[in-house]
Amino acid sequence: MTKSDKNVLTLLEATSEDVSLVGGKNASLGEMITELVPRGVSVPGGFAVTSTGYWKFMKENGFTEKLEKIMAGFDPKSIKSLQKTGKKARDLVMSGDFPEDLKEDILSAYGDMCKEYDKKGVDVAVRSSAVCEDAPDASFAGQFETFLNVSGEKQILQKIKDCFASAFNDRVISYREEKKVDHLEFAVSVGVQKMVRSDKASSGVMFTIDTETGFDNVVLINSIWGLGEMIVQGGITPDEFYVFKPSIGKDGKNPIIRKDLGRKTKKYVYKKTGGLLEKSVPQKEQLKFSLTDEEIQTLARWAVVIESHYGRPQDIEWAKDGETGQLFIVQSRPETVHAPEKRRVYKEYEVDTNKKPLVTGIAVGDKIGQGKVKVLKNISEMEKFEKGDVLVTTMTDPDWVSIMRMAAAIVTDEGGKTAHASIVGRELGIPTVVGTENATQVLKGGDKVTVDCTKGSTGRIFEGEVDYSVTEHNLEEIPDLRTKVLINIGAPEIAFKHSFLPNDGVGLARVEFILAEHVKVHPLALYNFENLENKEIKDEIAKITVEHEDKKEHFIKELAEGVAQIAAAFYPKPVLVRLSDFKTNEYRNLVGGELFEGEESNPMIGFRGASRYMDEKFRPAFEMECQAMVRVRETFGLDNVNLMVPFCRMPEEGDEVLKIMGNYGLTRDKMDIYVMAEIPSNTVLVDDFAQRFDGFSIGSNDLTQLILGVDRDNGKLKDLFDENNKAVRKTIEKFLWEAHERHKPVGICGEAPATTEGFIEFLVNCGIDTISVNPESVIKTYQEIQKHEG
């Protein structure tokens with residue numbers, strides 16, 4: 001008997017060539033068991049009811065002609081018709097009986113599983129696997145039925161029939177209409193796989209690319225306590241881990257460049273009578289990561305093996321068995337959103353508003369949507385929804401898909417990046433904001449709103465239809481230049497996206513955004529946490545740093561992870577990280593800042609940069625910063641990171657700062673260490689600074705104000721602040737010549753090239769080596785340089 005004649009195949013028999021027989025899901029499982037288990041990837045065994053078995057069930061019950069009549073009356077434009085047609089078809093299928101030979105084959109395969117696992121009535125997962133469900137150009141995974149914690153012959157047969165009937169779920173019918181797949185030539189295979197007892201441990205999903213941008217040098221892992229169904233439903237926010245692929249498996253490296261603790265308040269566990277039961281997660285477990293570093297690295301390593309085997313990015317489900325402690329891969333399918341992309345065009349969005357958002361949450365995608373708010377409490381209200389509305393609800397599941405595809409945007413109270421709303425919004429290209437917590441209370445039905453997902457990881461919902469522009473750039477027209485163009489980056493969340501811009505690396509990675517938005521606490525308040533006497537401040541710090549007993553680790557971790565995300569985005573291109581350059585008033589604004597900072601009348605030329613690092617009281621904060629940079633380079637393996645000292649007034653300050661850095665192994669023989677040229681003394685004492693540093697980066701803003709004696713923050717003097725002033729130009733021209741005479745590279749990272757007419761021409765004529773600008777100015781900077789390089 002050939003494979004195609006069999007009603008049932010073991011997963012060991014199935015391969016990637018059997019998609020038309022067992023569906024993409026089961027074919028992938030079979031392929032992994034055969035090819036990847038020998039390479040160390042663990043996959044639970046099982047069997048699949050084939051499409052041959054499905055058609056036998058349909059034909060011997062006489063359903064073919066009856067289904068033709070039911071589907072003939074279907075009106076694709078009517079939600080009522082969809083619901084009526086789907087119910088009729090499902091009821092028909094559920095009325096059928098299994099042909100004897102099909103029933104015997106299923107129960108025989110299940111009996112073999114019971115023997116293999118030495119357990120009568122072994123617990124299994126029963127999953128539908130449709131022939132088109134996981135095709136490379138469309139996934140819509142989750143539309144078909146899955147049943148967990150199924151055991152015993154009676155339950156197995158019932159759930160397999162339920163899976164057959166799910167071929168006519170409303171959402172599946174709608175999906176086939178969209179993909180122009182014939183409803184009656186569409187079969188369902190059913191996979192029966194040994195359950196992994198993740199109800200006693202953890203489970204989740206992972207992707208071999210970043211899901212929002214398509215950046216492919218990381219593995220993204222999401223993890224929760226209990227069974228994985230909770231993660232798709234979106235009732236919680238999972239733990240999230242980014243793993244840097246080039247460092248996976250390297251001796252002495254920990255490639256986990258980012259770890260974010262989720263909001264894991266509930267989980268699914270086994271119900272004694274079968275199926276699942278929702279339980280609350282104890283507070284202590286909520287504050288723990290649901291995977292160890294070793295487990296994260298194991299999963300990431302497996303993800304890379306799976307991706308390499310299939311030759312394309314993958315969307316993978318995994319589970320940890322709480323009884324054995326083992327990790328397993330339970331499913332892998334092609335990632336369908338970014339995998340087909342050819343990045344010839346780069347789109348830039350610019351929102352024109354100073355309004356405060358009504359609501360914020362986790363952004364999915366990178367688009368903008370506008371429309372009238374439609375708040376729906378549950379799926380029974382879907383008939384109220386009209387094409388072009390903004391769908392606002394608590395959370396979605398597969399039954400919502402038929403109206404989700406009509407939405408201008410989607411907003412939910414709950415969920416993370418791998419919740420159902422996120423998956424569907426991403427695949428449909430619909431701006432989606434999840435995890436807002438209060439959108440259903442704040443947003444009012446009928447009001448017009450703008451949903452903005454273009455500013456990194458934070459999605460914003462504004463009142464009214466806010467003006468915005470979209471600019472498209474053809475990346476194939478970018479010239480090859482002598483002058484290198486680099487990017488200024490402050491927020492780690494936008495780094496992956498902007499890595500797709502043409503660039504030669506990062507000329508200014510600012511850590512101030514990381515300090516303000518991720519660390520949030522003054523470094524000395526963390527360093528001296530145990531000795532703080534202000535209870536209110538101490539309690540606030542404890543809340544922010546809840547995952548760390550040692551509060552110093554909060555600073556080091558958040559700073560290192562922020563820098564690492566930027567460095568990973570551009571690896572192996574050089575990334576020049578400017579060490580912290582907060583001024584006194586900015587440090588004072590951090591939590592606990594008033595305990596360690598006085599007030600300065602002119603902080604712009606006050607206690608900042610190198611003078612801070614050397615200060616006996618502040619030095620412990622700088623040493624924590626050094627430890628963070630060591631973690632980025634040595635632990636994470638991001639050796640493309642170079643460092644830059646800001647506001648270094650005197651060469652002797654440079655000596656002292658380099659000495660402190662050297663105590664932590666941050667030395668010029670291992671990396672380039674630059675100094676900002678932003679003070680007249682830097683340009684006058686070129687020889688002295690050139691002996692101590694590997695290069696210079698001109699900070700045109702500070703340099704201009706100090707040459708001209710103009711406070712750039714004083715609006716009354718704005719007309720005097722001019723980088724094109726003869727004194728500024730002559731200083732830069734002479735400085736460039738003297739630095740090049742000493743064979744030191746010089747770049748510029750201030751705003752002048754992007755904002756001052758004629759300045760790029762001046763810099764190119766002076767022979768500047770690099771020009772680093774904000775992302776929105778990159779394309780026009782290339783174009784402007786090309787004009788003048790001739």
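Predicted model: local features only at pLDDT ≥ 70, side-chain atom pairs only at ≥ 80, totals over all residues.

Q: How many bridges join strand S6 to strand S12, and do they run parallel or antiparallel?
A: Strand S6 (residues 202-207) and strand S12 (residues 314-320) run antiparallel and are joined by five bridges. Strands are DSSP runs of E with at least two residues, helices are runs of H or I with at least four, and both are numbered from the N terminus. Two strands pair if DSSP finds at least two bridges between them. Residues are numbered from 1 along each chain as its sequence is written, and side-chain values use heavy atoms, leaving out hydrogens and water.

Q: Nice. What stands opposite serine 203 in S12?
A: That's alanine 319.

Q: And what sheet are S6 and S12 part of?
A: They belong to an open sheet of six strands, ordered S9-S8-S7-S6-S12-S13, with antiparallel pairing. Strand S9 (256-260) and strand S13 (327-334) are at the edges with a single partner strand each, so one side of each has no neighbour in the sheet. From one strand to the next, the twist averages 15°.

Q: Which helices lie across that sheet's strand S9?
A: Helix H10 (residues 293-310) lies across S9, and also across S6, strand S7 (218-225), strand S8 (239-244), S12 and S13, running at about 35° to S13. Helix H18 (residues 551-570) lies across S8 and S9, at about 125° to S9. Angles run from 0 to 180 degrees between N-to-C directions, with axes being lines fitted to C-alpha atoms, for helices over the stretch in contact. Contact means heavy atoms within 4.5 Å.

Q: What about the loop between S6 and S7, is threonine 213 there buried or exposed?
A: Threonine 213 sits in that loop and is buried, with a relative accessible area of 11%. Buried means under 20% relative accessible area, exposed means over 50%, and partly exposed is in between, using a 1.4 Å probe and protein chains only. The C-alpha atoms of threonine 213 and valine 364 are 9.5 Å apart, although 151 residues separate the two along the chain.

Q: Switching topic: which strands make up the closed barrel?
A: Eight strands, running S23-S24-S25-S26-S27-S28-S29-S30 with parallel pairing. Neighbouring strands there are turned by 30° against each other on average, direction ignored. Strand S23 (residues 484-489) and strand S24 (residues 506-510) run parallel and are joined by three bridges, and isoleucine 487 has valine 506 in S24 as its bridge partner.

Q: Which strands does helix H29 lie across?
A: Helix H29 (residues 778-789) lies across S23 and strand S30 (770-773), at about 160° to S23.

Q: Now charges. How many salt bridges does the structure hold?
A: The structure holds 45, each being a side-chain nitrogen of Lys or Arg within 4 Å of a carboxyl oxygen of Asp or Glu. Arg127, Asp315, Glu317 and Arg333 are linked in a network of them.

Q: What does aspartate 581 pair with?
A: Aspartate 581 forms a salt bridge with arginine 608, with the closest N and O atoms 2.7 Å apart. Aspartate 581 is in the loop between strand S25 (575-578) and helix H19 (584-588), and arginine 608 is in the loop between H19 and helix H20 (610-614), so the pair ties together parts 27 residues apart in sequence. Both aspartate 581 and arginine 608 are buried.

Q: And where do lysine 159 and aspartate 162 lie?
A: Both are in helix H6 (residues 153-165), three residues apart, about one turn of the helix. Lysine 159 counts as partly exposed because its relative accessibility is 23%, while aspartate 162, at 18%, counts as buried.

Q: Last one: at what angle do helix H4 and H6 pack?
A: Helix H4 (residues 79-94) and H6 pack at about 150°, with axes 9 Å apart. They are therefore roughly antiparallel; that label is for angles over 145 degrees, with under 35 roughly parallel, 65 to 115 roughly perpendicular and the rest oblique. Arg90, Val93 and Met94 of H4 make the contact with Gln158, Lys161, Asp162, Phe164 and Ala165 of H6.
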